[in-house]
Amino acid sequence: MNQTTIYNFSASEVSVVKKMLNTSNQEVKENNEIIDPNTKEIINQSADPFIVMAAYNKNYTTKAFWWGKRYYFTSNIAVTRGARYFRHIASLRNDQSLFLSALGDSIAYASPYATLAANVASMGVGYVAGQYNGAASALVRYNNRHRHNQIYLDMNRTFQYSLHIFFKMSK
């Protein structure tokens, strides 16, 4: 972050971004990755260099950035697979949320603070599940409206997502 940017945001917003950057930098260091100075893309140095993003791909492809992950969908099959993946993640998080809630109920006799902690964790995991379910539904809807275009979905580290057109196809 440069000094000019810092003056345009509140101290709490700058703090959140700095925390995200520190987390990303730590992950890059731990995973022996590098950050492209121009695109800010996180590049895995051990990944196969022959795997590239194609103009048409039946699988979705991803790129990691300091702010989160970008999912590219260059075909309807890729959208279907991506939506299925997001729903699978949501299902796993729902299971975790139920477990944490049950755990909170079962340890209520031991400590009200432990119960509170388990229930708060359950709510957080439930939020993540909801965001992945929402992303799956939004992806399918967006693809239906932009069927002849290649699209991408950005998901940041707080599980907020947005959809965009990557490449406009001629009809």
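The structure I am showing today holds 11 aromatic pairs, where rings of Phe, Tyr and Trp (for Trp, its six-membered ring) pair if their centres lie within 6.5 Å, and where planes under 30 degrees apart count as stacked, over 60 as edge-to-face and the rest as tilted. This is a predicted model, in which local features need pLDDT of at least 70 and side-chain atom pairs count only at pLDDT 80 or more, whereas totals for chains, interfaces and linings use all residues. Residues are numbered from 1 along each chain as its sequence is written, and side-chain values use heavy atoms, with hydrogens and water left out.

Let me start with two of those pairs. Phe 65 and Trp 67 form a stacked pair, with 5.1 Å from centre to centre and 5° between the planes. Phe 65 counts as buried because its relative accessibility is 7%, where buried means under 20% relative accessible area, exposed means over 50%, and partly exposed lies in between, using a 1.4 Å probe and protein chains only. Trp 67 is also buried, with a relative accessible area of 19%. The rings of Tyr 152 and Phe 166, by contrast, have their planes at 90° and their centres 6.4 Å apart, so this pair is edge-to-face. That pair links distant parts of the chain, since Tyr 152 sits in strand 5 (residues 149-156) and Phe 166 in strand 6 (residues 161-168), 14 residues apart. Here Tyr 152 is buried, with a relative accessible area of 15%, while Phe 166, at 39% relative accessibility, counts as partly exposed.

There is also one aromatic cluster, formed by Tyr 60, Tyr 71, Phe 73, Tyr 85, Phe 86, Tyr 132 and Phe 159. Within that list I would point to Phe 159, which lies in the loop between strand 5 and strand 6 and has a phi near 70°, a positive value in a residue other than glycine. Phe 159 counts as partly exposed, at 25% relative accessibility. Leaving aside neighbours within four places in sequence, Phe 159 is in contact (heavy atoms within 4.5 Å) with Tyr 127, Val 128, Gln 131 and Tyr 132. The C-alpha atoms of Phe 159 and Ala 135 are 9.2 Å apart, although these residues are 24 apart in sequence.

As for the overall arrangement, the protein has four helices and six strands, which follow the pattern α-α-β-β-β-β-α-α-β-β along the sequence; helices (H or I, at least four residues) and strands (E, at least two) are DSSP runs, numbered from the N terminus. Of the 171 residues in the protein, 30% are buried, and among contacts between residues at least 6 apart in sequence, 45% join residues at least 24 apart. The accessible surface comes to about 11,100 Å², with 57% of that belonging to carbon and sulfur atoms; these areas come from the Shrake-Rupley method with a 1.4 Å probe, and for residues only the protein chains shown count as cover.

Where do helix 3 and helix 4 come into this? Ala 83 is placed in helix 3 (residues 76-106), and Ala 136 lies in helix 4 (residues 112-145). Both are buried, Ala 83 at 2% relative accessibility and Ala 136 at 0%. Not counting residues up to four places away in sequence, Ala 83 touches Ala 136, Leu 139 and Val 140, and Ala 136 in turn is in contact with Ala 83, Phe 86 and Arg 87.

Finally, which residues line the second largest pocket? They are Glu 27, Asn 31, Glu 33, Ile 42, Ala 64, Phe 65, Gly 68, Lys 69 and Arg 157, and the elements giving two or more residues to this lining are strand 3 (61-65) and strand 4 (68-73). On a 1 Å grid over the protein atoms alone, a pocket is an open set of points where a 1.4 Å probe fits, with protein on both sides within 12 Å along at least five of seven lines, and lining residues have an atom within 4 Å of a point. The lining divides into three nonpolar, two polar and four charged residues.

Methods. Nonpolar A, V, L, I, M, F, W, Y, C, P; charged D, E, K, R; others polar.
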